[in-house]
Amino acid sequence: MLVIGTLAGTASLARLEPFTGRLDLVDPSPDVAAATGARCRLENDLEDVGAYDAVIALGTLDTVATLPETLARLRFLLKPDSPLLGVVPGGQTLPRLRAAMHAADQASGRASPHIHPRIEPSALAALLAGAGLAMPVVDIDRIALSYRGFPDLLRDLRALGATNLLFERDPRPLSRSAYDAAAENFMVTADARGRVVETFELLHFVGWTPSS
């Protein structure tokens, strides 16, 4: 079994060991790999064709350069009649943050990509099928969290390792006026308690390699 994405920690992932004779852990982040004892490899470095009876991708596919190509590569790592399964952030993730960063761009007078492109459930199912995987299934899980303010959301995203990794991003930090505009916009939908609900959409998916 191959697990790609080890931010959950080795203690949690070790629970998979009784279900497989081989458990390989890979993470594309050098820092996460070093902290969890995983190998640090990128998606185009995975060349163990037909070596695994299952591949699990945990929250890393939203950062790859070309998702269709990556899914095809993962499919060829699998033995016949084996599953590729995992979870990836969906298209309805972080709508309040998106609006806040749009306000920051308007205040600064310059646009920059801030949030990774997300995929819709129907598109993910089609991509799984296009990669040669049979019986693709995508399930949607939406988690609503309330925040007292913009800094609290940013703190959680940093703790998750989910800040901006895009090559095209502007490396300069937000100006004070842009940050204030983002923080003000974030609070537009605050409820009577002064809290803002932010949504995290998780797409759980599975697809099977054809039988030989």
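Student: At what angle do the axes of α4 and α6 cross?
Tutor: Helix α4 (residues 95-108) and helix α6 (residues 150-159) cross at roughly 115 degrees, and their axes come within 12 Å. Axes here are lines fitted to C-alpha atoms, for helices over the stretch in contact, and angles run from 0 to 180 degrees between N-to-C directions. That makes α4 roughly perpendicular to α6; angles of 65 to 115 degrees get that label, under 35 is roughly parallel, over 145 roughly antiparallel, and the rest oblique.

Student: Before going on, what kind of model is this?
Tutor: This is a predicted model: local features need pLDDT of at least 70, side-chain atom pairs count only at pLDDT 80 or more, and totals for chains, interfaces and linings use all residues. Residues are numbered from 1 along each chain as its sequence is written, and side-chain values use heavy atoms, with hydrogens and water left out.

Student: Back to α4 and α6. Is the crossing left-handed or right-handed?
Tutor: The crossing of α4 and α6 is left-handed. Left-handed means that the near helix is turned anticlockwise from the far one by less than a right angle; clockwise gives right-handed.

Student: Which residues make the contact?
Tutor: From α4 there are Leu97, Ala100 and Met101, and from α6 there are Phe150, Leu153 and Leu157. Contact means heavy atoms within 4.5 Å. By class, the residues divide into 6 nonpolar, no polar and no charged. Nonpolar covers Ala, Val, Leu, Ile, Met, Phe, Trp, Tyr, Cys and Pro; charged covers Asp, Glu, Lys and Arg; the others, Gly among them, are polar.

Student: How do α4 and α7 cross?
Tutor: Their axes come within 7 Å and cross at roughly 145 degrees. α4 passes α7 in a right-handed crossing. On the α4 side the contact is made by Arg96, Ala99, Ala100, Ala103, Ala104, Ala107 and Ser108, and on the α7 side by Ser177, Ala178, Ala181, Ala182, Asn185 and Phe186.

Student: What classes do those residues fall into?
Tutor: The contact of α4 with α7 has 9 nonpolar, 3 polar and 1 charged residues.

Student: And at what angle do α6 and α7 pack?
Tutor: About 100 degrees, with the axes of α6 and α7 9 Å apart. That makes α6 roughly perpendicular to α7. Phe150, Pro151, Leu153 and Leu154 of α6 meet Tyr179, Ala182, Ala183 and Phe186 of α7. This contact has 8 nonpolar residues, no polar and no charged ones.

Student: Which residues of α6 are buried?
Tutor: Phe150, Asp152, Leu153, Leu154 and Leu157 are buried in α6. Buried means under 20% relative accessible area, exposed over 50%, and partly exposed in between, with a 1.4 Å probe and protein chains only. Their cover includes α4, β5, α7 (176-186) and β6 (196-208). Just after α6, Gly161 takes a positive phi of about 70 degrees.

Student: Which residues other than glycine have positive phi?
Tutor: Among them are Leu94, with phi near 60 degrees, and Met135, with phi near 50 degrees. Leu94 sits in the loop between β4 (83-89) and α4, whereas Met135 is in strand β5 (residues 134-147).

Student: Are those two buried or exposed?
Tutor: Leu94 is buried, at a relative accessible area of 4%. Met135 is exposed, at 59%.

Student: Last topic, the whole chain. How many helices and strands are there?
Tutor: There are 7 helices and 6 strands, which are DSSP runs (helices H or I, at least four residues; strands E, at least two) numbered from the N terminus. Along the sequence the pattern is β-α-β-α-β-α-β-α-α-β-α-α-β. The C-alpha trace spans about 60 × 35 × 35 Å along its principal axes.

Student: What share of the chain is buried?
Tutor: Buried residues make up 38% of the 212 residues.
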